[in-house]
Amino acid sequence: MSVPIRQPRLVWRSTSVLLVVSIAWFILMGRLVQIQWWQRDHFASRATRQQLHSEFLPSRPGDLFDRRGRLLASTVAVQGVYVDPARVVDSYRTACALAGATHQNPTEVQQRILDHREKRFLWIKRRLDESEVDAIIALNLPTTEWGFRQEYVRVYPQGPLAAHVLGWRDIEGVPHGGVEESFQSRLSGESGERTVIRDARGFVIGVKDDETLLPRHGDDVHLTIDIMSQWYLERRLDQLMETHAPVGACAVALDPATGEVLAMASRPVFDPTRPQEAPANSWRNLSIQAAYEPGSTIKPIIVAAGLDRGLLQMTDSLNCERGAYRMGPRILHDHHRYGVLSLKDVLVKSSNIGMAKIGEKLTNPGLHEVLTQFNFGQKTGIELPGELSGTLHPLEKWTIYSTGSIPMGQEIQATPLQILAAHAALANRGRWITPHLDLGIGGERSVAPNVISTELLNDSATRWVVEEAMVDVVRRGTGTKAQLADYRLFGKTGTSQKMDPDGRYSHTRHISSFVCGAPVENPRIAVIVTVDEPTRGGSDYGGIVAAPVAAGIVSDLLTYMQVPADLPSGSESPVSTAGQPDKTARR
Amino acid sequence: MFFRFCSALVLVVLIAATGISIEKRLLNLKREQTLQIYRREQLEERFARLRLRSHELGAPARLIDSLAISAKSTHPRGTDRLSRSVDEIANRRANHGVVR
């Protein structure tokens with residue numbers, strides 16, 4: 001048997017093949033060692049970067065409801081489209097495609113992408129509508145270059161109603177003003193994060209559950225506001241703005257027994273869904289962010305305090321000096337030459353001299369103590385940001401002028417809400433309750449932690465002031481324009497002079513106000529209307545400008561609340577007519 | 001020997017197959033869970049939108065006119081105070097031409 005002789009050429013070929021294959025294997029092994037050992041960390045982190053993607057999961061802010069569960073503010077999800085500029089291969093093509101789908105200028109979009117090349121995230125357009133979302137999906141762009149991100153948009157279904165109470169949220173969801181800002185910690189919740197695994201083409205193939213943190217959505221907040229009451233109040237305020245064309249106006253209605261604010265509005269107003277169109281002077285909630293000299297509206301509080309301390313008797317009479325009274329170096333004047341007035345008539349006719357004499361009885365420390373008790377010079381504590389505390393000077397700064405000025409509502413500044421809260425305390429038989437907006441968690445009407453209830457005055461003093469004197473203010477005094485056909489009102493007018501730039505009281509620019517409530521025996525509602533510089537309507541007295549509006553609000557709200565009338569129909573004075581001048585009405 | 005080897009092999013294959021099926025089942029459950037979360041989010045979103053729409057449609061500023069008109073037709077002479085008040089509103093709105 002013969003053994004085949006291997007030809008040298010064949011041996012060389014096979015050796016070469018073996019060598020090449022071996023070298024190739026060595027190269028592959030070397031590369032494997034390089035990847036798996038030497039540069040393991042580098043490639044591992046690179047793979048992680050490519051595969052894992054963190055998604056921000058925004059929390060949905062809680063909703064706002066009124067006291068009857070009507071929706072005041074809610075949130076809906078919308079999509080926004082973004083690109084990853086560092087991964088955009090062809091900026092022109094991407095920009096043209098996205099700009100076309102979102103109705104933008106392609107050149108501008110491309111320029112924005114080029115300007116942010118080093119960034120990993122760039123919004124192309126936020127708050128897309130459904131057609132834009134569909135158009136972008138149809139583009140079939142590489143998913144590594146772009147993406148949708150869900151956002152939440154705040155919507156206010158009641159439109160501009162209660163805008164100053166609610167506040168608004170900007171495009172980032174940051175609250176500005178109102179309960180949106182003050183209840184932010186309850187409303188906001190906590191955002192989450194989710195890590196997803198993507199394949200080489202950018203498609204999500206899995207979610208890393210162990211690294212997923214689901215968002216905690218915000219809690220709902222139920223307010224004491226009643227949107228129907230709010231609507232009635234704002235309607236009256238709009239009519240007032242039309243009739244008297246003031247610089248500003250505000251109105252607040254609350255339940256004196258609980259301190260719950262039922263409605264609060266300020267003019268000019270803004271639309272929280274279109275804040276960019278709001279006039280510059282519309283942001284301020286005048287109910288809490290405008291302090292003014294309260295004028296005569298403070299008089300019932302001083303009289304009630306005098307009665308409470310035994311310095312005054314209900315049967316007292318005061319000599320009003322025929323309209324001029326020297327008090328130290330200063331001569332005080334009344335609008336009419338009153339002689340001797342009963343204590344009740346001092347309030348009914350709003351005599352400044354009568355009040356100055358009451359001030360002399362209380363003395364400066366007594367007056368200061370009363371006003372401090374009623375929280376003047378301090379914030380009421382309502383759950384709204386930016387509340388002013390007003391001005392109550394320290395007793396050391398008071399002079400002999402103060403004894404006459406303070407009881408007629410000068411030398412002191414207060415917000416309309418402070419005045420209303422003080423009058424609500426009178427209506428509530430001397431018990432002061434923090435005006436508040438929080439109805440409690442889930443609308444359970446648990447007492448909010450910031451609500452303070454304090455007994456300030458005795459029952460008989462406040463009852464006399466409210467049921468006798470303040471009722472007569474409306475029946476035959478400065479507030480006759482506030483008379484209603486069905487309800488007996490108690491109230492007090494106020495007309496204060498504004499300051500001129502030279503620091504003197506203006507004789508042309510006034511703030512008119514009226515504070516009132518009803519029914520007299522068991523007040524269910526207290527209302528204040530404050531009008532800043534009425535310019536039309538022939539008069540700027542509180543009894544003419546503000547009183548009919550406040551009475552109208554009381555009438556609307558009591559009717560809406562189905563409170564039985566306390567006057568037989570047609571028994572008393574005619575129904576108030578907003579904006580009609582009345583020569584009998586005075587300060 | 002062959003029998004032992006085959007038994008071991010079958011055992012290994014069975015364990016692997018069981019593991020794979022468990023893994024597959026787990027993935028399916030995870031997918032179901034994710035889908036349920038997604039569906040819940042969608043339903044919540046839909047609920048929010050529908051509730052929002054219903055409250056927009058029921059807003060006082062929008063409803064009051066139709067309420068006033070219906071009150072007028074139901075109580076033409078204003079027999080109770082509420083309908084009288086609504087009548088007043090309707091009349092005033094007509095007189096002032098207020099449109100909200």
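A polar contact here is a pair of N or O atoms within 3.5 Å; within protein, one atom must be able to donate a hydrogen and the other to accept it. Keep that in mind for the interface. The model is predicted.

**Stop 1: the interface**

Show chains A and B together. Select the residues in contact: 22 from chain B and 34 from chain A. The area buried between the two chains is about 2500 Å². Carbon and sulfur atoms give 52% of that area.

How many residue pairs does the rule find across the interface of chain B and chain A? It finds five, with both residues of each pair at pLDDT 80 or more.

Next, color the side of chain B that touches chain A by residue class. Eight residues are nonpolar, three are polar and 11 are charged.

**Stop 2: a salt bridge**

Two salt bridges are counted between chain B and chain A. Zoom in on one of them: select Arg51(B) and Asp63(A). Their closest N and O atoms are 2.1 Å apart.

**Stop 3: two cis peptide bonds**

Select Arg267(A) and Pro268(A). A cis peptide bond joins them, with omega about 0°. Pro268(A) lies in the loop between strand 12 (260-267) and helix 10 (286-289) of chain A.

Then go to Ala518(A) and Pro519(A). Here too the peptide bond is cis, and omega is about -15°. Look for Pro519(A) in the loop that runs between strand 22 (505-518) and strand 23 (525-532) of chain A.

**Stop 4: two residues with positive phi**

Select Asn375(A). Its phi is near 70°, a positive value in a residue other than glycine. Asn375(A) sits in the loop between helix 13 (352-373) and strand 17 (391-392) of chain A. Is Asn375(A) buried or exposed? Its relative accessible area is 15%, under the 20% cut-off, so Asn375(A) counts as buried.

Finish at Glu533(A). Phi is near 55° here, again positive in a residue other than glycine. Glu533(A) belongs to the loop between strand 23 and helix 17 (542-545) of chain A. With a relative accessible area of 17%, Glu533(A) is buried.

Methods. Residues numbered from 1 in each chain as written. Chains lettered and ligands numbered in written order. Predicted model: local features only at pLDDT ≥ 70, side-chain atom pairs only at ≥ 80, totals over all residues. Heavy atoms only, no water. Contact = heavy atoms within 4.5 Å. Buried area = accessible area lost by both parts, 1.4 Å probe. Salt bridge = Lys/Arg side-chain N within 4 Å of Asp/Glu carboxyl O. Polar contact = N/O pair within 3.5 Å; in protein donor to acceptor, adjacent residues only side chain to side chain. Nonpolar A, V, L, I, M, F, W, Y, C, P; charged D, E, K, R; others polar. Helix = DSSP H or I, 4+ residues; strand = E, 2+ residues; numbered from the N terminus. Buried < 20%, exposed > 50% of the residue type's maximum accessible area, 1.4 Å probe, protein only.
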